[in-house]
Amino acid sequence: CLLTAQRSVYTIEDPLTAQLPFFDYLEAQELTQIPTIGIYFHGYYLLRGEGEATHFPRFKILLFDHSQQFSLTETRELYLLAVNFCVRQVNEGNRGYFREMFELYQRGLELEVLLANGQLSSFTYHNAVASAIQIQSFDWARQMIVEYRDKLEAPHRESAYRFNVARLEYEQANYTAALHLVAGIHFPDLLVNLASKTITLKIYYQLAEFDLLEAHLNAMNNFIRRKRVLGYHKDNYLNIIRYTKKIMALKPYDKAAIQNLVAEIEAEEKLTEKRWLLQQLAAD
């Protein structure tokens with residue numbers, strides 16, 4: 001598993017191809033039923049991006065039923081392995097994995113295995129809330145936001161708290177409350193800052209504040225183009241701006257133009273707000 005994880009970061013030849021017959025032996029002898037063997041056996045395939053139908057369910061059962069057999073640090077790594085697999089699945093369009101991700105975060109927080117030295121990373125905080133929102137477990141999300149606020153590192157505590165309350169308020173259509181939490185606030189984390197600007201964008205659209213939205217889109221565009229370290233995220237957020245402007249420019253009842261834009265958005269690879277944009281076109 002360690003070699004496979006390193007291979008995903010560094011461009012090196014697959015070191016384990018010749019070992020796969022041994023993996024067949026493990027299965028044939030039912031040695032994968034032993035938790036400490038089975039969890040890494042299935043984890044290996046998850047790290048390779050395989051095993052959606054078979055290896056993930058077995059990995060999850062072993063993790064939930066036998067985590068006490070591993071050290072706290074090892075258990076945290078195993079939970080994060082499973083979470084990262086779910087993230088990849090969601091990014092590939094398998095939205096059912098939001099529930100799997102939520103269950104992993106829920107159990108991991110209950111067991112306190114996702115905390116390191118009593119602290120929770122802002123990454124875990126954001127993703128746990130996001131998974132809860134996606135399956136509309138709003139009460140759990142609100143409780144988690146409050147309960148783990150003081151376990152965040154001090155430099156990110158207030159901004160992470162405000163951002164997550166804001167997106168929860170947005171999802172529950174409390175637009176004024178959400179806007180109050182994010183409008184005009186500079187968040188230290190660049191990606192959180194961009195995500196908060198996206199919430200503002202969506203609120204202005206929902207409230208039909210199109211003059212404010214136009215100004216916001218232009219300011220957001222300038223902000224992004226000044227940043228040189230965004231990579232993939234730069235294209236994504238520029239696409240969000242571009243397609244929002246295209247929707248705003250559509251003429252009412254121009255069905256052909258709407259269908260053409262739907263097709264264009266569906267074909268776009270770098271677009272995290274694809275679902276929201278398509279919902280606005282469907283509403284039109």
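Predicted model: local features only at pLDDT ≥ 70, side-chain atom pairs only at ≥ 80, totals over all residues.
**Aromatic pairs**

I looked up how many aromatic pairs there are. The count comes to 16. I picked out tyrosine 44 with tyrosine 45, an edge-to-face pair. Their centres are 5.1 Å apart, and 75° lies between the planes. Buried or exposed, I asked of tyrosine 44 and tyrosine 45? Both are buried.

I then turned to tyrosine 205 and tryptophan 276. They also form an edge-to-face pair, at 5.5 Å centre to centre and 75° between the planes. Where in the chain do these two sit? Tyrosine 205 belongs to helix 11 (residues 190–206), and tryptophan 276 to helix 15 (residues 274–283). They are 71 residues apart, so the pair links distant parts of the chain. I checked burial here too: tyrosine 205 and tryptophan 276 are both buried.

**Charges over rings**

I looked for charged ends above rings. Arginine 149 places its charged end over the ring of tyrosine 161, 3.8 Å from the ring centre. Lysine 197 has its charged end over the ring of phenylalanine 223, 4.8 Å from the centre.

**Helix 5**

I checked the length of helix 5, residues 72–91. It has 20 residues, and at 1.5 Å a residue it should span 28 Å. The C-alpha atoms at its ends are 29 Å apart, which agrees.

Which residues of helix 5 are buried? I listed Thr75, Arg76, Leu78, Tyr79, Leu81, Ala82, Val83, Phe85, Cys86, Gln89 and Val90. Just past the end of helix 5, I noted glycine 93, with a positive phi of about 100°.

**Cysteines**

How many does the structure hold? I found 0. Cysteine 1 is in no disulfide, and its nearest cysteine sulfur, on cysteine 86, is 16 Å away. Cysteine 86 is likewise in no disulfide, with the sulfur of cysteine 1 as its nearest, 16 Å away. A disulfide needs the two sulfur atoms within 2.5 Å.

I compared their surroundings last. Cysteine 1 counts as partly exposed because its relative accessibility is 26%. Cysteine 86 has a relative accessible area of 0%, so I noted it as buried.

Definitions and conventions. Residues numbered from 1 in each chain as written. Heavy atoms only, no water. Helix = DSSP H or I, 4+ residues; strand = E, 2+ residues; numbered from the N terminus. Expected span 1.5 Å × (residues − 1). Buried < 20%, exposed > 50% of the residue type's maximum accessible area, 1.4 Å probe, protein only. Phe/Tyr/Trp six-rings, centres within 6.5 Å; stacked < 30°, edge-to-face > 60°. Lys NZ or Arg CZ within 6 Å of the ring centre and 35° of its normal.
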